[in-house]
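Good morning, everyone. I have one structure to walk you through today. Please bring it up on your screens.

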Amino acid sequence: MVQVTIEDDQTDGKGAVSAFTKLVNLDHVDGVLGGVFDFTAQPLFPLALNTETPLVSGSNFRIPGGFDLNAQSFVMLPDMEKVIRQLKTYLAAQSYKKVAVVHFKSTFGNEIARTIDVIMKENGQSGIINEEYAAIGDNNFRTTIAKLKAQNVEAVFMDMVGNDPLNFLVQSKQLGFAPKFISYNAILDSLTGDADKSLLEGVTILNWEVNTPAFIALYKKEYGVEPAKSADKWFDAVYVMAEGIAKSEGKSQVASYIEKTEFTTPNSTVKFTKEHAVESILTQIQTVKEGKVVEWTK
C-alpha cells in the first residue's frame, strides 16, 4: 500500500522547492512525484540528488543541455527532440516556405523552436521565425500576429497553455491572419466550456498524450470517465516509485532500482534510458475535422 502526501507547488519554481523541502524534511517521504512543468521540476533535481530522494516527473521530457537529469531524477517522457521530430513527415508534405514558432520563453519552448528549425532545414525548407513571450496566461499577441502577417507566414506552431491558445486564435481571426495552426495536446484544454470550438477547425495537433486502450478501459471502469491528459504517465510514475520503494532496502537505493528495471504496469511497459528518460511513448499527429479530433493522414 502507498500513502500519499500532497503539497501544492503553486505552478512556481520557488513553491516547488518549498513543497519538496517540506515533504522530505518534515514528512520524511521515501520518494517524490512532481514537477508538472519544466520550470517547477528543474529546481527539484539538485535537491533530489543532495537528499538522495528519488524524484519522478510524469509530464516532462528530457532535453539535453537544457533539462538534464541526475542519478536521483527521472521523467516519464522520452527525449523531447525524438517526439517533436515526428512532425518531420507532416512538415515536408506541406511544403511551407515560412513557419513561425511562437513559444513561452522556457527550456521546453526553446527546444520546440530549435527542433522544428532543424527539421525545416533538413527538409530543404527555410528556417523558422522565432517569437518568444515571457508570461503564461492573458497574453495580448496582436503585435506578434501583425508581424507574422506582414512576413506572409504560412504556418504557426503555438507553444501555449491556459487561455493563451484561445487568445492567439481569436486575435488572429480579428486581425485577418489565417495561417495553418499547429500545436500540441494542451491546446484542447483551452477551448473547453463556452469557448468557440470552431476556432480549432483544421488545427494540427502533435499529441503525446494518447492513452492506450487498456488504460482507457481501466480508468473508465474505476472512475466512469475518460482519463485526463498525462493520467497514464502519472499512474505509471506512481507504480514505478511504489515498486522501487518496495524492492529497495532504503530511500537512497530506490533510484538505482528504477534505472535498471523494466516495469510492467497495468497500463504499459516502462523502461528508462541511461539518461533516465523513458525509451518511447505513444504519439499521434492529429487534426480537427468537423469538430472531431482525428488522426492525420497524408
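Let's begin at Glu290. Glu290 sits in the loop between strand 11 (284-289) and strand 12 (292-295). Strands here are DSSP runs of E with at least two residues, helices are runs of H or I with at least four, and both are numbered from the N terminus. Glu290 has a phi near 55°, a positive value in a residue other than glycine. Most residues other than glycine have a negative phi. At 71% relative accessibility, Glu290 counts as exposed. The cut-offs are these: buried is under 20% relative accessible area, exposed is over 50%, and partly exposed is in between, with a 1.4 Å probe and protein chains only.

A word on the source. This is a predicted model, where local features need pLDDT of at least 70, side-chain atom pairs count only at pLDDT 80 or more, and totals for chains, interfaces and linings use all residues. Residues are numbered from 1 along each chain as its sequence is written, and side-chain values use heavy atoms, with hydrogens and water left out.

Back to phi. Ser95 also has a positive value, about 55°, and is not a glycine. Look for Ser95 in the loop between helix 5 (88-94) and strand 4 (99-104). Ser95 is partly exposed, at 49% relative accessibility.

Now the whole chain. How many helices and strands does the chain have? There are 12 helices and 12 strands. The radius of gyration is 20 Å, close to the 19 Å that the globule rule gives for 298 residues, so the chain is as compact as a globular protein of that length. That radius is taken over C-alpha atoms, and the rule is 2.2 Å times the number of residues to the power 0.38. Along the principal axes, the C-alpha atoms fill a box of roughly 60 × 40 × 40 Å. Of the 298 residues, 48% are buried.

What about contacts? A contact means heavy atoms within 4.5 Å. Take the contacts with a separation of 6 or more: 64% of them join residues 24 or more positions apart. As for surface, the chain exposes about 14500 Å², and carbon and sulfur atoms supply 51% of it. Those areas come from the Shrake-Rupley method with a 1.4 Å probe; for residues, only the protein chains shown count as cover.

Next, the pockets. Rolling a probe the size of a water molecule over the atoms shows where empty space is left. A pocket, on a 1 Å grid over the protein atoms alone, is an open set of points where a 1.4 Å probe fits, with protein on both sides within 12 Å along at least five of seven lines; lining residues have an atom within 4 Å of a point. Points are joined across faces, edges and corners, and the volume is the space filled by probe spheres set on them.

The largest pocket holds about 910 Å³. Its lining has 30 residues, and Val4, Thr5, Gly31, Val32 and Leu33 lie nearest the centre. Helix 1 (13-25), strand 1 (32-33) and helix 11 (231-246) each give two or more residues to that lining. Which element gives the largest share? Helix 11 does, with 6 residues. By class, the lining has 20 nonpolar, 7 polar and 3 charged residues. Here Ala, Val, Leu, Ile, Met, Phe, Trp, Tyr, Cys and Pro are nonpolar, Asp, Glu, Lys and Arg are charged, and the others, Gly among them, are polar.

The second largest pocket holds about 490 Å³. It is lined by 29 residues, with Val36, Phe37, Val161, Tyr184 and Lys229 nearest its centre. The classes are 17 nonpolar, 7 polar and 5 charged.

Helix 9 also holds Asp189, which is partly exposed at 42%. Asp189 and Ala228 are 39 residues apart along the chain, with C-alpha atoms separated by 9.9 Å. Ala228 lies in the loop between helix 10 (213-223) and helix 11.

Beyond four places in sequence, Thr265 touches Asp236, Tyr239 and Val270. Thank you.
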